[in-house]
Amino acid sequence: MSPGKRIIICGGGAIGAATAYFLSRRGAEPIVIERHEVAGSASGKSGGFLALDWCRGSPLDRLARRSFALHAELADTLGNPWGYRRLDTYGGYAVENGEARGPGERPWLSEAVTLTGRLGSPQTTAIVEPRAFTKGLMAAAEKHGGALRHGTAVDLMRDKDGVRGVVLEDGEVVEGDAVVIAMGPWSILATRWLPLPAVYGYKGHSLIFRTGEAIAAEALFLEYQETSGEVLTPEIFPRADGTTWVCAVSSTEPLPVDPAQVSPDEGAHDRLEAMCRTISPALATAPITARQACFRPVTDDGLPLIGAVPGVDGAFVATGHSVWGMLNAPATGEAMAELILDGAAQHLDLRPFAPGRLRAFDPARLRRA
Ligand SMILES: Cc1cc2nc3c(=O)[nH]c(=O)nc-3n(C[C@H](O)[C@H](O)[C@H](O)COP(=O)(O)OP(=O)(O)OC[C@H]3O[C@@H](n4cnc5c(N)ncnc54)[C@H](O)[C@@H]3O)c2cc1C
């Protein structure tokens, strides 16, 4: 397929926006269809933590390494409005004690926290503000000939040769030469239109604090034991914009059909706030600017689906990136652009991510749910 083609991308998360960006840089005309808002789901609420080599030994390793390099390039090329920065990363543990005490190993940590080792250096770990990153890639795609459409994809239009467009909820058809399903966990709904494997949503809760200069540029991965004995695994990421993002408390609550309807589990944010008060006097006093919940997309074997949908000409999928969707968005977008326009990815071997490796999900199970 040559440049100049119109490619319809369902979903304006990091994966859809990155795919649109790389297609637009190749002279194609990507059109992103977004039901709720660009970066309105996990791609705007996640940690935005990036690691060069944390996927070593797994089929994700090359994807992650290529993506880590592309993140630096993109920040450079596009002026870095998303606060990309390299940072140190540490691991440790903490035990709930009911109140903040301090100081501990760092002025901003309480003595409840023990750091046990360095997990990454500025050469191997970095961070972005995910909403600004996703919106920034979408804006860059629009600047290079891409377009954003607000609408809900409900079906595909086909002719005898394959997929030729996307049908929106209001009946309008957006025509194109190919379609990419990039609806994150909502990609499960596309099993009604295409033979695709299951994609599930796994929910996580997070808080954003306005911490200013109080917290050093160090990411933390902790194990935190609550008084009840339950263990949480908080991640604490200070960002370049003076905010600090903290997540923990996951759940298997069902995914609402409408992305705008995602809401937190009862008590989850209270638990997170109590934990933050224990581990950091700086967090205990900082204003909270957002209380969030979102779903990351996961597959049955833990690997993303990146490739052509078997047996359906013009249909592609890019989803299921689980905990590494922000890291792996750039290399996924680049590979999708190459696959769609050239027939094969140049920088990556996409075989481990081929959608046909897993059995297609039976959409009748959706209707029963
Ligand atoms: C708590 C948490 C922390 C995380 N931290 C990190 C991290 O530090 N680093 C990292 O690399 N990854 C992280 N992740 C993972 C990362 O956020 C996800 O893998 C990534 O955001 C998935 O992007 P996506 O574009 O596939 O999906 P999404 O961001 O879910 O985007 C899908 C889009 O599709 C739209 N949509 C849905 N249905 C339709 C429809 N019918 N028509 C049109 N549009 C539709 C939705 O509105 C949504 O905007 C984290 C995830 C969570 C939950």
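Contact, as the word is used here, means heavy atoms within 4.5 Å. The model is predicted, so that local features need pLDDT of at least 70 and side-chain atom pairs count only at pLDDT 80 or more, while totals for chains, interfaces and linings use all residues. Residues are numbered from 1 along each chain as its sequence is written, and side-chain values use heavy atoms, with hydrogens and water left out.

**Two domains**

The domain assignment, an automatic or database one, divides the protein chain into domain 1 (6-78 + 129-197 + 299-360) and domain 2 (88-121 + 201-298), and their C-alpha centres lie 29 Å apart. Where the two meet, 23 residues of domain 1 are in contact with 24 residues of domain 2. The buried area, meaning the accessible area (1.4 Å probe) that two parts lose on being put together, summed over both, is about 2000 Å² between these domains, and carbon and sulfur atoms give 68% of this area. On the side of domain 1, Lys 45, Pro 185 and Trp 186 lose the most area to domain 2, together 29% of what that side buries.

Between domain 1 and domain 2 there are 2 salt bridges, a salt bridge being a side-chain nitrogen of Lys or Arg within 4 Å of a carboxyl oxygen of Asp or Glu. There are also 8 residue pairs in polar contact between the domains, both residues at pLDDT 80 or more; a polar contact is a pair of N or O atoms within 3.5 Å, where within protein one must be able to donate a hydrogen and the other to accept it, and residues adjacent in sequence count only if both atoms are side-chain atoms.

**Two residues**

Ser 206 lies in strand S13 (residues 200-210), strands being DSSP runs (E, at least two residues) and helices likewise (H or I, at least four), numbered from the N terminus. Ser 206 is buried, with a relative accessible area of 2%, where buried means under 20%, exposed over 50% and partly exposed in between (1.4 Å probe, protein chains only). Leaving aside residues up to four places away in sequence, Ser 206 touches several residues, among them Lys 45, Trp 245, His 269 and Gln 292.

Asp 349, by comparison, lies in the loop between helix H7 (325-342) and helix H8 (364-368), and is partly exposed, with a relative accessible area of 31%.

The table gives atom distances for named pairs.

| Pair | Kind | Distance |
|---|---|---|
| Ser 206 and Trp 245 | side-chain polar contact | 3.4 Å |
| Asp 349 and Arg 351 | side-chain polar contact | 3.0 Å |
| Arg 239 and Glu 129 | salt bridge, closest N and O atoms | 3.9 Å |
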